[in-house]
Every structure is written in C-alpha cells, then in structure tokens.
Amino acid sequence: MNDFLYNLHYDIERESPPDWEVDWDDAPLPYKLYRNLPVVPLSSEVPLTFEKVERKPTLENLGHFLWFTYGLNQVSQGMNPFDEAPEPSPSLRRFVPSGGGLYPNEIYLYVKVEGVSQGIYHYDVAHHRLVCLREGNYDDSIQKALCGRCDVGDCFATVFISTMFWKNFFKYNNFSYRLQGLDAGVAIGQLLEMSKQYGYETNVFYQFLDQALNHLLGLDDQEETIYAVIPLFEKTIRIQETKIYTAETVIRSIPAIQTDHYIHSQKVLDFPKIRHMNNAVKIESTEQFSEIGKSKRKLIQGGFLLPNGESLSGDLMEAFRRRFSPGMDFTMGRIPLSQLSTLLQHTMSAPAKSDCSSSLAIAGCFYNVEGLPDGAYEYDHCTHTFRLLKKGDFRLQLQSGMTAHNVNLYQVPLCFHIISTKEFRKREYRILQMEAGRLLQRLLTAASALRLGGHPLLGFDVKLCDDIYSYRGETCLIQVPVGPVQPRVALRGSLF
Ligand SMILES: Cc1cc2nc3c(=O)[nH]c(=O)nc-3n(C[C@H](O)[C@H](O)[C@H](O)COP(=O)(O)O)c2cc1C
C-alpha cells in the first residue's frame with residue numbers, strides 16, 4: 001500500500017490538515033446542475049411495485065429506473081436529541097446511503113430509446129430529468145474505450161458513474177478519496193439490483209479509456225472523472241472483436257463540447273492528492289487493462305455449515321423504501337441463525353458480471369445469535385460455511401474504535417466487516433472500494449428486506465478490527481452494524 005492509501009486506511013489524522021474547517025455556508029449542492037442545455041422531463045408516475053413493471057426499455061421506464069437508482073425519494077426532518085441546540089435540519093434522501101449524505105457521484109447516460117434523440121445525457125437528480133450534453137451516435141467510440149468487451153450497438157443505454165471530487169472533499173478533505181469509491185460502488189449495487197428487477201442484462205466495466213470517455217461527456221477530469229461504465233441490454237451481451245485502442249485516437253474522433261454547470265460553492269479548494277491519485281491510475285491504452293482481484297483467498301478449514309438462507313429474489317420495493325441508517329435507533333434483539341445465513345448468502349451470492357473477479361470476503365462480530373456462540377467469525381460463501389476466529393463479546397471493543405459515538409454498538413447484535421487484501425496495485429484500490437460498496441448495498445437491502453436496519457460506518461479503527469480477526473495480509477474496508485431498530489420520531493415526506 002502506498003503511504004497515502006495507508007494513511008487513509010489506518011492513520012487518517014496524517015492526511016487531515018490540523019486547521020481544517022468546513023465552510024458549510026459555501027458547501028456544494030449534493031447534485032450537479034447544468035445550465036442552458038435542452039432538457040427531457042422524465043415520468044414521475046413511478047410504479048409502487050416491481051411486479052407490474054414494464055420490462056421494455058422505454059424513456060418512461062428508464063426514468064423510473066434512474067429514480068430508483070439515484071433519485072431523491074424523501075424529504076426528512078428529524079431532531080437529533082444529542083445536539084445541544086437541536087434544530088431540525090431537512091435532508092433530501094435517496095434509496096442509497098452515502099458518506100455524510102453528500103452523494104459525490106453523478107450519473108450520465110448514452111441513451112438509445114424511442115422518444116428521445118440518441119446522445120449523451122446527464123441525469124439531473126434535482127429535477128428528475130435528462131439534460132442533453134450532445135446528440136449523436138457514439139457506439140463506436142464507447143466500444144473502443146471499452147476495448148470491444150461488449151457490443152455497444154446492442155445496448156439501449158450505457159450508464160457512466162462519475163465522481164465529482166469537491167462534492168465531499170469540502171467536508172472530508174483527503175479522506176473523501178476512500179469514500180468516493182465506496183459511494184460509487186453503492187450506486188452501482190443499487191443500479192444492478194434495479195437491472196435485475198427490470199430484467200436488463202448488464203456488465204460493469206471498471207477499466208476503460210478514461211480520457212476518451214471523460215471527453216465524450218465533456219468532463220474536466222481534474223474536477224470529475226468516470227469511475228464505472230455499465231451498458232444496459234435487453235438481451236444477452238455479445239462480445240466484439242478486441243483490438244488495441246488508445247485514448248488519443250478515440251478523442252480525435254469526438255468533437256469537444258463546452259458546458260456550464262452550477263454547484264453553489266463560490267470557492268472551490270484544490271485537492272492535489274486526489275487529482276494525483278486519479279491521474280496516476282488513468283488508462284491510456286487498452287493494452288493496460290489487467291486482471292483485477294485474481295488473488296484467491298484460502299478456503300476456510302474446519303468451518304461449519306450454515307443453514308440455508310431465505311431467497312430474497314422477489315419484489316424488493318418495500319425493502320428499498322424502508323432502508324435508512326439507524327444511528328442511535330438500534331435496539332438489541334435476538335437474531336435467528338437462519339436470518340444471519342440469509343444476510344450472508346444474499347450479500348455474497350450473484351457476483352456482478354464485471355472486469356474484476358471480486359476477491360472480497362465478509363466477516364463479523366456476532367452477539368445474541370440463536371445457536372451461535374458470541375464471537376468473531378469469517379464466512380466462506382463458496383461452501384456457505386462459517387469459521388469461528390475468536391470467541392467473545394466484542395461490542396465494547398468495537399465501540400471504543402468508533403471515531404464518533406453516534407451509533408450505540410452495545411445495542412447491535414451483528415457487526416459486519418467487508419474484507420480485502422492489503423495489496424493494491426494502482427487502479428485496483430478504487431476498484432476494490434467500489435466492489436465493497438456494491439456488497440454493502442446488497443447487505444443493506446437484505447437487512448431491510450428482513451426488517452432489520454444497517455448503518456455503514458467508515459469512522460472506525462481499522463487496526464483494532466483487523467486485530468480482532470488476527471488479520472495480517474487482509475484488512476477491513478468498511479464496518480456495517482445490523483440489527484433490530486426502533487426508529488426515532490421524524491417528519492418524513494415521501495416523494496412518491
Ligand atoms: C461509504 C459510507 C460510509 C459511511 N460512513 C459513515 C460514518 O462513518 N458514520 C456515520 O454516522 N454514517 C456513515 N455513513 C452513513 C451516511 O451518513 C448516511 O448514509 C447518509 O447520511 C444518508 O442517510 P441514510 O443512509 O439514512 O439515507 C456512511 C455511508 C456510506 C455509504
């Protein structure tokens with residue numbers, strides 16, 4: 001791990017300027033607003049169940065699909081009883097969580113459905129509409145940027161998930177680099193779940209010619225860059241002939257566009273380390289594509305078989321609607337082993353088709369699970385077995401490792417950790433963070449479907465948790481307490 005990544009993971013103080021103060025009055029908006037460009041309104045008559053959704057990719061369905069993936073779904077006004085001067089603060093909520101509720105990602109699309117001109121669009125979250133950045137047929141350019149790993153001519157849309165650095169750097173400084181990948185992964189996880197509900201075929205590409213696609217979208221890659229590309233298909237994906245292409249040749253075939261956008265902040269600070277990290281991992285030629293996540297984990301020896309979990313393949317609409325981060329609202333309850341088994345099975349099953357064969361694993365410190373001695377466990381999804389790494393109740397230890405005590409882990413029976421190798425090569429770091437975000441979203445959806453709450457946490461002491469599991473070559477990427485919840489009083493206005 002290079003020094004910067006090591007510090008982000010184990011010693012964040014070293015990467016935070018001591019005099020860092022967040023200028024809340026000049027905070028950026030959690031969504032990007034383009035100005036002076038043609039717009040296409042999207043239907044807000046969203047279905048209330050996925051059972052009746054029209055699978056045909058129309059503009060109407062695409063609008064619903066985007067809204068369920070990254071749209072604004074609720075205005076919530078709660079009181080924080082721990083604030084000295086409690087002042088209700090309204091928040092615009094989405095189906096997905098995001099570090100600090102800042103949503104640093106943006107969604108762009110190459111659209112090819114009836115009723116709208118073929119071209120490149122931005123999903124304007126605030127107005128639930130598409131903003132046209134350029135019209136035209138870009139099958140060939142996108143195909144080359146992906147090195148022909150799917151036939152873009154066959155897809156009805158290609159989604160680009162970008163990260164706009166300032167959107168959470170203004171609060172988290174360099175720590176935002178760690179959040180940006182996880183947040184993008186959460187959005188990818190939700191998009192894949194939606195694709196499943198709508199019956200679309202997908203493939204997630206983490207490797208592509210960055211500059212070529214940023215140029216296609218008209219992004220200034222020193223302030224925003226694409227993290228993942230996901231073409232959507234109605235039918236089976238065909239692979240095209242793969243040849244070597246360079247970003248430079250693809251860029252030459254695409255005229256430049258100038259756009260104007262608004263994000264509210266008057267003063268945008270520089271983020272040299274984040275720019276440096278993203279510049280250093282850019283792919284300039286498809287020859288640089290590599291195998292990611294191939295390092296195989298050792299299979300668990302001496303584990304025991306878990307009971308089969310429930311299938312959560314049905315309509316997940318209610319689970320999406322219910323999900324929120326409970327904070328102090330966890331209440332201790334006993335968890336049946338079959339529920340724990342469902343959570344693990346759902347989270348780790350159905351790996352996405354992608355250019356990263358995920359080597360991530362899941363572990364957890366469990367307390368008050370029926371038929372399971374309290375302790376720290378590791379899960380092997382290939383054999384659906386569990387191995388007890390250390391016996392004991394780790395709740396107090398985990399609580400002492402929290403940066404802010406805004407979740408009472410003493411009230412939480414299940415505390416999961418998503419595990420990865422410590423060795424990251426260049427682009428692999430952000431790819432593994434995205435894969436961890438994808439798993440996180442699966443875990444939260446499963447928890448919500450089982451009427452449990454889950455709260456993602458990056459504010460935890462990684463070293464302390466690695467020590468609980470006695471990890472040396474591996475490490476905890478994110479902590480996710482899961483358990484029964486008694487929601488506090490809040491005024492919530494559903495936007496559907
Ligand atoms: C990657 C990631 C890291 C997070 N880290 C923390 C954290 O350290 N502490 C915390 O209280 N919440 C954390 N959250 C939860 C967010 O604050 C929460 O998702 C956001 O405020 C939106 O609220 P909601 O999840 O209820 O919709 C994290 C969320 C994500 C996706």
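**The ligand and its surroundings**

A: The shell around the ligand takes residues from both domain 1 (20-288) and domain 2 (304-494), so the ligand lies between the two domains. This is a predicted model. The shell holds 17 residues, and those that come nearest to the ligand are Pro 97, Gly 101, Phe 324, Ser 325 and Gly 459. By type, the shell residues divide into eight nonpolar, seven polar and two charged. Helix α5 (residues 176-198) gives the largest share of the shell, four residues.

The two domains themselves come from the domain assignment of the protein, which gives 20-288 as domain 1 and 304-494 as domain 2. Their centres, taken over C-alpha atoms, are separated by 26 Å. Across the boundary, 38 residues of domain 1 are in contact with 35 residues of domain 2. On the domain 1 side, β3 (72-78), α5 and β10 (224-233) each supply at least two of the touching residues. Helix α5 again gives the largest share, here 14 residues. That side of domain 1 divides into 20 nonpolar, 14 polar and four charged residues.

Strand β10 also belongs to an open sheet of seven strands, in the order β2-β7-β6-β5-β8-β10-β9, with antiparallel pairing. The edge strands of this sheet are β2 (39-41) and β9 (201-202), each of which pairs on one side only. Within the sheet, β5 (residues 105-111) and β6 (residues 119-124) pair in the antiparallel sense over four bridges. Val 111 stands opposite Gly 119 in β6.

Note on methods: Residues numbered from 1 in each chain as written. Predicted model: local features only at pLDDT ≥ 70, side-chain atom pairs only at ≥ 80, totals over all residues. Near = placed C-beta within 6 Å. Nonpolar A, V, L, I, M, F, W, Y, C, P; charged D, E, K, R; others polar. Domains from an automatic or database assignment. Pairing = 2+ DSSP bridges. Contact = placed C-beta atoms within 7 Å.
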